[in-house]
Amino acid sequence: MLDTYRHQGLRKRLVQELKELGIKDWNVLNAIEKIPRHFFIESAFEDDAYENKPFPIERGQTISNPYTVAYQTELLEVKAGDKILEIGTGSGYQAAVLATLQAQVYTIERHQPLSTKAKILFTQLGYPNIQTFYGDGFKGLPQQAPFDKILITAAAPEIPKQLLVQLKIGGCMVLPFGKGDIQEMLKIVRLDKNEFEKETFSTFTFVPMLKGIED
Ligand code: SAH
């Protein structure tokens with residue numbers, strides 16, 4: 001796999017577009033400028049890898065468009081060393097963005113082939129700070145908890161209670177929330193053991209968060 005000057009130039013243009021769409025966090029923009037997104041998608045779509053578009057990946061899933069990735073990441077306010085749980089590894093691109101921001105990333109995927117493929121890619125590209133798990137994100141990773149942040153990258157039909165309790169006090173969870181075609185972005189901050197604060201942001205469209213695993 002090659003990351004050419006042309007790819008790098010296209011990424012600069014994409015970053016400019018994301019700035020115009022309102023993304024302000026320099027660390028997030030720099031991460032997007034650095035990461036070869038074309039490695040995370042099917043080669044058939046390579047020419048469009050740096051358009052602000054989602055693409056189909058295996059198992060009827062999608063890699064979110066770069067604006068959505070940037071928006072969710074900005075809301076998470078990632079700091080170096082943050083321990084972050086991502087639900088929905090998919091292509092692995094979002095996890096790579098978090099890892100580039102120097103977070104310790106734990107990512108779960110319910111489709112075995114996607115999880116395996118992402119794991120191989122993380123090794124090839126050199127992301128030692130990402131750990132991949134095959135499992136049901138509704139359950140989270142109780143053995144690795146608590147987390148500073150939790151990011152859900154599939155449309156949650158309900159707020160997963162088992163994830164809220166895996167947040168540190170002062171930590172936050174970002175998720176697209178809703179049962180229909182369009183979801184609202186939520187940010188939930190854990191203020192105290194039983195005290196949570198919820199804030200609502202723009203609307204987006206994600207593939208659904210589903211219970212159980214598939215092989
Ligand atoms: N973050 C991904 C986006 C993938 S789309 C990326 O950057 O490419 C959402 C992913 O969430 C899909 O791969 C889907 O299989 C997965 N998913 C849906 N419900 C899940 C669940 N309960 N647990 C884990 N993964 C889930």
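Tutor: Buried means under 20% relative accessible area, exposed over 50%, and partly exposed in between (1.4 Å probe, protein chains only). The model is predicted: local features need pLDDT of at least 70, side-chain atom pairs count only at pLDDT 80 or more, and totals for chains, interfaces and linings use all residues. Residues are numbered from 1 along each chain as its sequence is written, and side-chain values use heavy atoms, with hydrogens and water left out.

Student: Is Lys179 buried or exposed?
Tutor: Lys179 lies in the loop between β7 and β8. Helices (H or I, at least four residues) and strands (E, at least two) are DSSP runs, numbered from the N terminus. The relative accessible area of Lys179 is 74%, so Lys179 is exposed.

Student: How far apart in space are Lys179 and His38?
Tutor: In sequence, 141 residues separate Lys179 and His38. From C-alpha to C-alpha, the distance in space is 31 Å.

Student: What share of the residues in the protein is buried?
Tutor: The secondary structure comes to six helices and nine strands. Of the 215 residues in the protein, the buried share is 53%.

Student: Which residues have the most contacts inside the largest nonpolar core?
Tutor: A nonpolar core is a set of buried Ala, Val, Leu, Ile, Met, Phe, Trp, Tyr and Cys residues joined through side-chain atoms within 4.5 Å. In soluble globular proteins, nonpolar side chains tend to be buried together. The largest core here has 49 residues, and those with the most contacts inside it are Leu18, Ile32, Phe40, Leu76 and Tyr93.

Student: Which residues does Leu18 touch, leaving out those up to four places away in sequence?
Tutor: Contact means heavy atoms within 4.5 Å. With those sequence neighbours not counted, Leu18 touches Ile23, Leu29, Ile32, Asn52, Pro66, Tyr67 and Ala70.

Student: How many residues are in the second, separate core?
Tutor: Ile87, Phe138, Leu163 and Leu164 are among its members. The size of this second core is 21 residues.

Student: What phi does Glu77 take?
Tutor: Most residues other than glycine have a negative phi, and most peptide bonds are trans. Glu77 is in the loop between α3 and β3 (83-87) and counts as partly exposed at 49% relative accessibility. The phi of Glu77 is positive, near 50 degrees.

Student: What is the relative accessible area of Arg59?
Tutor: Arg59 sits in the loop between β1 and β2 (61-63), and its phi is also positive, near 60 degrees. Arg59 is partly exposed, with a relative accessible area of 39%.

Student: Which residues does a cis peptide bond join?
Tutor: Pro146 lies in the loop between β5 (130-134) and β6 (147-152). With omega at about 5 degrees, the cis bond joins Ala145 and Pro146.
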